[in-house]
Amino acid sequence: MTAMAPDLHRPLHNLWQRCTAGIVLIAFGMLTLAPTAAVAREHSPDLFGSAMSADSDESRFAFTLKRLTKRIERLTERLDNAVDETSEKAQIRALQREFERLDRVVTGNLARIDRQLADQGAPHALHARNAEMQALYRMHYETLAAHLREVIDAPNVASMRNAAASLQTFLRSFQQERTPAPFDPDALPFQPRQPKPDNHPRESTEAFEQSGLRGSAPLQFAALDDYRFDLLPGAVDPALFAETVEIRLTPVIHAKAAELGHDPVRIYHFVRNEFEWTPSWGAMQDAELTLSARSGNSLDLSSLLISLLRASGIPARYAHGAVDVPEDRFRNWAGGFDSARAAADFASSGGIPTTVITRGGQITHVRLEHVWVEAAIDYVPSRGAVMRSADTWTALDPSFKQHDYQPGLDVAAIAGLDGQALADAFVGSGTVNESQGWVQGLDPAILVAAQEYAQAALEAHIEQMTDPTVGDVVGGRRAIVHEAPVLPSGLPFDRVVTGARYASLPSALRPTLTFGF
């Protein structure tokens, strides 16, 4: 199960299309589509572009060009060494005939594409692109043919040498010697997320300091307005009210803080209840972007909470440390996993320093490096409900929450479809030759009829439901909302260590992008 399930609160909109997507994909894959992709595909700058319509024609043309290049090189060597060139000329003449045959195939393919575009009423842009491709192909082919004739019909050795040199220059101008690298699935330009078993959370203040993660010493600053925080150590640091790369005190942030009444209790519950946690590491978004996206990792959500608090005149800072989350609560938080190890690996693959704690051979907790917020709150006795004078650095975690998971509708059960029977009927509609490995004559109408029947059954079922939501139909998860008139009494899990506190995130907690040319 993934970590980002659908939001159960979204309104219903064309839900039957979403729910029958699997059947639609099967039916769509079996239908025959018009081959206009030959024109719509991107063209390379190599010789003759991608004018050939079939991969076999492209391969033959490219292979013949390579053979011609080698033959011209050998012809030039023979001429330079005064060796008889008759055999090489015969080979080049045979290649000339092969090019003439391939030219007829390519020209026929391009004409067929023209007819298909006309029959299907394709946009003018596709017609123009096909015409441009034909003109480019014809120009290059005529040039190639002229060079070949000059080589074959040369009256003497000197003329033949000059003609061969001109043909070599023509071929090199299109970099025909360049061949694409073979496909290697282990050397893709991107990689799937993988757990990082050696990326353990730091578990002591010394480990944080050795990594260069230190909080700055607070500066003295006068109290603001009627809310006093000068009696709380560290709260009078002017950096705790400043903007940073992530903490943006924009008009949008000020407007949201005002909408929430500059109330730390409402601000905390707003971020905690209405924003989705993303299991990744490093500050990815500033506060305004997080507010718009309605999701973020622990650093992003902390930046938003700090921004709203600072915009309300309340000192706030990041706290960075390691925490232990009970394995069942972590599985729920990470996305409803059945396995604590899989949930920990999922978080680790997002870059979060993670390890597991075992007792008696069983995983009991997941330990991870985490970022939360500390705010200068009038905590005693009202726990933030009344704000007169700050007395406590209160730990607030806007990231951690539990969810209710809800399965979606079972379309096959609602429609009474037997998948095996449907597959057997579809396969039985055609001819299958297992010994030679081919299938023909399959009737896609069987799948289309099943799709339409399932669609009708699902629509009828949804119409009988009372105010259905996306979650009711496709399933998903809903955060368990906590509403209280006061702030929480502490973090919702055990804190192993608070390694550092920051008014502004250090560069080590900002992801970097490296690229080269």
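Trainee: How much accessible surface does the protein have?
Mentor: This is a predicted model, and its accessible surface comes to about 27100 Å². Carbon and sulfur atoms account for 54% of that surface.

Trainee: And what share of the residues is buried?
Mentor: Of the 517 residues in the protein, 42% are buried.

Trainee: How many helices and strands are there?
Mentor: The protein has 18 helices and 11 strands.

Trainee: What about contacts between residues 24 or more positions apart?
Mentor: Among contacts with a separation of 6 or more, 73% are between residues 24 or more positions apart.

Trainee: Let's look at helices, then. At what angle do α10 and α12 pack?
Mentor: The angle is about 160°, and the axes of α10 and α12 are 10 Å apart. Helix α12 covers residues 298–310, while α10 covers 264–274.

Trainee: So are they parallel or antiparallel?
Mentor: Angles over 145 degrees count as roughly antiparallel, so α10 and α12 are roughly antiparallel to each other. The crossing of α10 past α12 is right-handed.

Trainee: Which residues meet there?
Mentor: From α10 they are Pro264, Ile267, Tyr268, Phe270 and Val271. On the α12 side they are Leu301, Leu304, Leu305, Leu308 and Leu309. By class, this contact has 10 nonpolar residues, with no polar and no charged ones.

Trainee: Where is His262?
Mentor: His262 lies in the loop between α9 (251–259) and α10. With 35% relative accessibility, His262 counts as partly exposed, because that class runs between 20% and 50%.

Trainee: What about Arg383, what is its phi?
Mentor: Arg383 is not a glycine, and its phi is positive, about 55°. The residue sits in the loop between β5 and β6. Its relative accessibility is 29%, so Arg383 counts as partly exposed.

Trainee: Is the peptide bond from Val380 to Pro381 cis or trans?
Mentor: That bond, from Val380 to Pro381, is cis, with omega near 5°. Most peptide bonds are trans.

Trainee: And which loop holds Pro381?
Mentor: Pro381 is in the loop between β5, residues 362–377, and β6, residues 392–396. Arg383 is found in the loop between β5 and β6 too.

Notes: Residues are numbered from 1 along each chain as its sequence is written. This is a predicted model: local features need pLDDT of at least 70, side-chain atom pairs count only at pLDDT 80 or more; totals for chains, interfaces and linings use all residues. Side-chain values use heavy atoms; hydrogens and water are left out. Helices (H or I, at least four residues) and strands (E, at least two) are DSSP runs, numbered from the N terminus. Buried means under 20% relative accessible area, exposed over 50%, partly exposed in between (1.4 Å probe, protein chains only). Contact means heavy atoms within 4.5 Å. Accessible areas come from the Shrake-Rupley method with a 1.4 Å probe; for residues, only the protein chains shown count as cover. Axes are lines fitted to C-alpha atoms, for helices over the stretch in contact, and angles run from 0 to 180 degrees between N-to-C directions. Angles under 35 degrees count as roughly parallel, over 145 as roughly antiparallel, 65 to 115 as roughly perpendicular and the rest as oblique. A crossing is left-handed if the near helix is turned anticlockwise from the far one by less than a right angle, and right-handed if clockwise. Ala, Val, Leu, Ile, Met, Phe, Trp, Tyr, Cys and Pro count as nonpolar, Asp, Glu, Lys and Arg as charged, and the others, Gly among them, as polar.
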